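Visitor: Could you please walk me through this structure? I am new to it.
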Amino acid sequence: MSMSKTAAIFAALLLGSSAALAADMPKFGKPISESDAAAWDISIGPDGVGLPAGSGTPAQGSMVYAAKCAACHGPKGEGGAGPRLVGGAGTLAAPAVPVQTVGSYWPYATTVFDYVRRTMPWNQPKTLTNDEVYAVTAYILNMNGIVKDGEAMNKDTLAKVRMPNRDGFTELYPNKF
Amino acid sequence: MSRRSVTQQDLPKVAANGLIDRRVLLRNSALLAGAAGAGFTGIVRAAAEPLAVDDWSMKIGTGVQPYSTPSRYEAKVIRTLANPTNPGNNQARTPHHLLDGIITPNGVHFVVARTGAPDIDPAKHRLLIHGMVRQPLVFSLEDLMRYPMESHIRFVECGGNSAPMWSKEPIQADVQALHGLLSCSEWTGVRLSTLLDEAGVDPRAKWIVAEGADAATMNRSIPLAKAMDDAMLVFYQNGERIMPINGYPLRLFVPGYEGNMNVKWLRRLKLVDAPIMAINESRQYTLLLENGSAWRFYYPMEVKSFITRPSPTMQMKGPGFYEISGIAWSGQGRIAKVEVSADGGKSWGMAAMQNPVLPKALTRFRMAWQWDGRPVVLQSRATDEAGNVQPTRQKLIAERGAPRTTPPVTGFPMGHVNAISSWGIDAKGAVSHVYV
């Protein structure tokens, strides 16, 4: 490091500025465009931002569910090796033993799509098409009485689904800390 | 030096039922000369057997191995595994009752892993930083490891650690089962803020979605303020590369925050303006309260402690001197003090804290104790430097409502359970888990 550079850094430190130091930090990141990163960008916001094209109905979803989901979650979403997905309404407050399912507890329908797409089926994650994920999501919501028979889920309709327990949460960050 | 049998009255008491002034252990006081010189035990013991030369002193031992493993006599110092045959929800708990000091050996670091450990080739692994940044960037591991590194000793604790304490009846199990989703290591890596500065964070960004490369592709929303404060990307755990099940080759580290936010196998960081409401922040890692509403975004692990020795399932060896030992920690800074009670919380004595006492790290505490053989209830109570005091069980219940079930010991009826633990010792010396 040259004397003048060192002097500049010390001057910056004395002035309480990190600008000179930041300029001197190494940069090893390689630029990439968002389009080239698209295969990894599977984030979906609770407002539906990030939901892909595609569509599926509860009836279509029932077929996918029977083939890919029922073995762990039960034929009707009653649970088994995997968690229960259906029911539990009215069990959240004491003294009931809480049954926290997609229908009774999950605040956002977008999370169902997101989790199924990134993690399910358990032994074959990321193998469902977007149409299949929409259909299974529609079926799980339908079994919980949240989506009607024949109602297709897509990036517009799914984002508009209002879950029963949407307002059941208090966010402790950042107010508590 | 003259030796004499010592009675309980000889030792400087600080609380009921035989707790002894910590200065005896700190060895910086005239108390030591009197107490230690007096012999401490207070009981007359039978003379030792004559010594014989052991077999292992008379032959060449085992040759050195490229990588050491513990003595075969320590075969019990292992993790307990929940659902070992179902990688859908592997849990492995640290045997704190068999460890001492503050560092958790890598082989017994706790684990919660939903889809097992991915077999990641470090030469092919990439980290993407994108979203609300001036320039999206991709880093190879080699790139990341060229930045200036730093090391910090920090704990990791699952948000669901100590959940078995949230039961109608005290669950009889050892501290490994009750409090084992907790470990402490020296973590080495680079500051996350360095990389975020390089990408150029949009001032409107408030959160970072961190995502792993595992089959679950686990993701969590991290407050940007935390990311810019003390978050790190870590490569090393206690001097060696992170174990595969703990996140090899790259883990996000957010000191003091619940374990699940320290995303393992990190592949992506996306800057966003609002939390993503991933399953692990909208369904899991929420705390259901008595009235049916729930807390979420409950990040720092609260001040907590427990006694590791003596602890449930252990058997006392009769009346006399014991060292009570345990660990204390807080996600909000250093431990300021640890107090110990031998009468179920009616009277408290200050424990000795062993150096180093580090922020967001386990702190080892010790207390000298002369047990008279009568039933007692041992407790520890930690206070952190922010002034947070470990609450009683009753206080936690008053805030959240009483436990509704007696769950299996591997169940998760509640998160962030940091209440004082009570270990009962009966007249026969059996140690059990009790509520007071």
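Guide: Helices (H or I, at least four residues) and strands (E, at least two) are DSSP runs, numbered from the N terminus. This is a predicted model, in which local features need pLDDT of at least 70, side-chain atom pairs count only at pLDDT 80 or more, and totals for chains, interfaces and linings use all residues. Residues are numbered from 1 along each chain as its sequence is written, while chains are lettered from A and ligands numbered from 1 in the order in which they are written.

Visitor: Where does Pro121(A) lie?
Guide: Pro121(A) sits in the loop between α5 and α6 (130–143) of chain A.

Visitor: Now chain B: how many helices and strands?
Guide: Chain B has 8 helices and 26 strands. Its radius of gyration, taken over C-alpha atoms, is 24 Å, close to the 22 Å from the globule rule (2.2 Å times the number of residues to the power 0.38) for 436 residues, so chain B is as compact as a globular protein of that length.

Visitor: Is His416(B) buried or exposed?
Guide: His416(B) is buried, with 24 C-beta neighbours inside 10 Å. A residue is buried if 20 or more other C-beta atoms lie within 10 Å of its own, exposed if 12 or fewer, and partly exposed in between, with C-beta atoms placed from the backbone. His416(B) is in the loop between α8 (393–400) and β25 (422–425) of chain B, and its phi is near 50°, a positive value in a residue other than glycine.

Visitor: What is the phi of Asn238(B)?
Guide: Phi of Asn238(B) is near 55°, which is positive although the residue is not glycine. Asn238(B) is partly exposed, having 18 other C-beta atoms within 10 Å.

Visitor: Which strand of chain B is joined to β1 of chain A?
Guide: Strand β1 (residues 30–31) of chain A is joined to β7(B) by 2 bridges, and the two run antiparallel. Strands pair if DSSP finds at least two bridges between them. Pro31(A) has Leu137(B) as its bridge partner in β7(B).
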